[in-house]
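This report covers selected strands and nonpolar cores of one protein model. The sequence and structure come first, and the description follows.

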Amino acid sequence: MSGWTTDQDAAGATTSVRVRRDGVQVLSITANLWRSDVGAHGFDQPLPAATPGPHTICVAAVNVYGGFPHRPSEVGLGCRTYTAGRHLVGSDQYTGPDTQHATAVESDSYAWGKTVVAAYQVGRSATTMGATNIGFTVSYDAGLTWTSGNVPGITRAESGPHQRASDPVVGYSAKHGAWLIATLPINAAGDGALISRSTDGRTWGAPVWAIGNDGQPWDKEWVVCDNWTSSPHYGTCYLTITNLSLNGRIELARSVDGGQTWVTVPNPSGPSVSPSGNGTAPVVRPDGRLVIPYGVNGWYSVFTIDGAGTTWSTPRSLHHGLSRNVDMLRDVAVISADVDSTGRVYATWHGCLASSPPCQYNDVLFSSSTDGLTWGPPTVVPINCPDQGLCSTSDRFAPSIAVDPRQPGRIAMIYNDYFGGSVTVQYKSSTDGGHNWREYRDALAGPMPITHMANSTQGRMLGEYLGLSIANSSAIAVFPVALTPPSGGGYNQAMYTHTPLGF
């Protein structure tokens, strides 16, 4: 709950606001926070948790009796409705016979201010790579309401040339006001990376090639933009991707015009010393340096590139351990990373701390670094469970992390938890940089039987990552949920969010 209020006939006095939910007061907030536009008259405070379902919030300013004429004891500032708990934000609307429909998997999201944009696969194929197309959903009010659709121009489903699409990720250039969705188009193989661009997160232009379109196979692209005004490369966007035909070499593309055009930036030391690996998760520090953790299935490394792309560091080990294949699920263990305003980089992945067998169950692992190269030893993110013996036999996988850009140390994390043939979606948060963790009181979704999930060539599928971002100091999660299919068969798998998620 944020805004500002002041009393004109008592300008020196501090004003307060009363917040009512469904007619019952839930907060009284003193409006004494500094804002650049109105001075020391702002307020910004999380709401207490609400029961699932629709609610109405009303805010009123409390009059200060500092002069005449006396005003009413309260002045209404407005009301707003929202839905607490889990609710649908996007789904697969295609019906063609070539893929599994009523399926949506593998979400990613990004937030700027109160706007959140997420992208995901719709109509996942069971026998080939990728999906019928890429869907999107956008919220302009920090996750309260959403508008969804499909990205045009990529696959044949939306007037594009490609058979399938996969690996959607979202970025944003604050300098150019441009939202970006990076996609791996698939014909016989992943052909490179396309960038779809929008100025409002809702209307998308024709995609352009960022890299590839050269007959070589590519995999697992990621896009990020430099949104630090302190950086000498403010407004530059970067895309990292793995070239499978060149021993898995990691390649870099760079854009300085908000994603309209891209230039491939080779390692100046030569391709023979370029890092090789898959699953990159680049972030940009406030000094403009690009930090690129990467790796899959237990082996993770990291290197850095200066914002101009002229200096590439030698890769360093982040963690060399093991991960366990979750029964009958596609669960490639990629890494997720984010950075705060101090330049500290945070990363999470699933696996085991041990570098040799046995690795019986996956934990969520976590580490951080002040410079992107020297990392603390990985730690297991603890779970709160009344029966630790039972909970220790569950597999936690596909963790994703987001850091509050305005308040260093505030971390949000979402992951899947597999036990006994079903999956739940779990949320955790930390306010002290990951030293202590708070677990949300209930699962965000599930238990979901794996037989309700889209099939793939590597098992039942939710995705290798989940959408998580921070908007207006709230955690906004976008994740796939597989509900009971219709009686005639098929699927009932779509994208959902859960509000509110505080720290």
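Leu-33 stands opposite Gly-42 in strand 5. This is a predicted model. Strand 4 and strand 5 (residues 39-44) are antiparallel and are paired over two bridges. They belong to an open, antiparallel sheet of three strands, ordered 1-5-4. Strand 1 (2-4) and strand 4 (33-35) are the edge strands, and each has a single partner, so one side of each is left without a neighbour in the sheet. From one strand to the next, the twist averages 45°.

Seven of its seven residues are buried, so strand 25 is largely enclosed by the rest of the structure. In a regular strand, side chains alternate between the two faces of the sheet. In strand 25, Val-345, Ala-347, Trp-349 and Gly-351 point one way, while Tyr-346, Thr-348 and His-350 point the other way. Both sets are buried.

| Strand paired with strand 25 | Sense | Bridges | 
|---|---|---|
| Strand 24 (residues 336-339) | antiparallel | four bridges |
| Strand 26 (residues 363-369) | antiparallel | seven bridges |

On the strand 26 side, Tyr-346 has Ser-368 as its bridge partner.

The remaining topic is nonpolar packing. In soluble globular proteins, nonpolar side chains tend to be buried together. Which members of the largest nonpolar core touch the most other members? They are Val-423 and Phe-479, in a core of 30 residues. Two or more residues of this core come from each of strand 28 (395-403), strand 29 (411-419), strand 30 (422-430), strand 32 (445-449), strand 33 (467-471), strand 34 (474-482) and strand 35 (493-499). Strand 34 gives the largest share, five residues.

Leaving aside neighbours within four places in sequence, Phe-479 is in contact with residues including Ile-414, Val-425, Leu-444, Ala-445 and Leu-466. Its contacts also include Ala-494, Met-495, Tyr-496, Thr-497 and His-498. Arg-86 and Ser-107 are among the contacts of Phe-479 as well. Apart from this core lies another, of 28 residues, with Trp-228, Tyr-238, Val-291 and Leu-318 among them.

How values were computed:
Residues numbered from 1 in each chain as written. Predicted model: local features only at pLDDT ≥ 70, side-chain atom pairs only at ≥ 80, totals over all residues. Heavy atoms only, no water. Core = buried A, V, L, I, M, F, W, Y, C linked by side-chain atoms within 4.5 Å. Buried < 20%, exposed > 50% of the residue type's maximum accessible area, 1.4 Å probe, protein only. Contact = heavy atoms within 4.5 Å. Pairing = 2+ DSSP bridges. Axes fitted to C-alpha atoms, helices over the stretch in contact; angles between N-to-C directions.
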